[in-house]
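This briefing looks at confidence and at charged side-chain pairs in one structure. Please keep the sequence and the structure in view while reading.

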Amino acid sequence: MAPTSGLTRRSFLQVATTLAGGLALTACTSMPAIAQARTRAETVKADVEEVLPVEDLMREHGVLRRLLLVYGEAIRRMEASEPLDPAIVSRSATLIRRFIEDYHEKNEEDYLFPRFQEAGKLVDLVRVLKEQHEAGRRVTARVLDLATAAGMSRSEDRTALVTELRRFIRMYEPHSAREDTVLFPAF
């Protein structure tokens, strides 16, 4: 995938691996330990570099699944009238906006979907997935509006927030499953 802005996940992992290897090297006092640490760092770096774009997209769905778990727990707590820091929901929604929508989905829309459309394959699925991306962005905007201390103190806003979180989960669980099991393997 081409980076859209700033540091990509892959380059971040490469930098982190290099730094970790450097720290390991400075902590070692014998030459065999240094050689062993260098070999491990090279192996990790080689593993990071060999991730194919489709596999990278599938791994990014793991981040989405974790955020859906946060949303699910937020729903449970609100419905049980248990304490919930609104920042947990708003930070999760911000992460969805920045990583899932602005990075992951943008890469799908810019690089993956056009290939299917040009080839005339899975065109209906691609259209639905793109519509879901747009709908998800609207839901995320609504979640960000509602996930405030003031909003969560009002019963009607809490109810609306629960509804939006449920909408997001209900759409993105099958969405990511469809991409992982139909679209990405076809790529």
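Over which residues does pLDDT stay under 50, and how many contacts beyond four places in sequence does the model have for them? The stretch is residues 15–31, and this predicted model has 11 contacts of that kind for it.

**Confidence along the chain**
- The chain has a mean pLDDT of 82, with 73% of its residues reaching 70 or more.
- Over residues 1–5 the pLDDT is below 50, and this stretch has 11 contacts in the model beyond near neighbours in sequence.
- Among the elements of the chain, the lowest mean pLDDT (46) belongs to helix α1, residues 9–27, whereas the highest (96) belongs to helix α5, residues 123–146.

- The whole structure contains 12 salt bridges, and one of them joins Arg77 to Glu73 at 2.9 Å, N to O.
- Arg77 and Glu73 lie 4 residues apart in helix α3 (residues 53–79), about one turn of the helix, and they also belong to a network of salt bridges that links Glu73, Arg76, Arg77 and Glu82.
- In helix α5, Glu131 and Arg127 are likewise 4 residues apart, and their closest N and O atoms are 3.2 Å apart in a salt bridge; Glu131 is partly exposed at 40%, as is Arg127 at 41%.

- Arg137 and Glu105 form a salt bridge of 3.4 Å, N to O.
- Because Arg137 lies in helix α5 and Glu105 in helix α4 (residues 86–119), the pair ties together parts that are 32 residues apart in sequence.
- Arg137 is partly exposed, with a relative accessible area of 25%, whereas Glu105 is buried at 1% relative accessibility.

Technical notes:
Residues are numbered from 1 along each chain as its sequence is written. This is a predicted model: local features need pLDDT of at least 70, side-chain atom pairs count only at pLDDT 80 or more; totals for chains, interfaces and linings use all residues. Side-chain values use heavy atoms; hydrogens and water are left out. pLDDT is the predictor's confidence in each residue, from 0 to 100. Helices (H or I, at least four residues) and strands (E, at least two) are DSSP runs, numbered from the N terminus. Contact means heavy atoms within 4.5 Å. A salt bridge is a side-chain nitrogen of Lys or Arg within 4 Å of a carboxyl oxygen of Asp or Glu. Buried means under 20% relative accessible area, exposed over 50%, partly exposed in between (1.4 Å probe, protein chains only).
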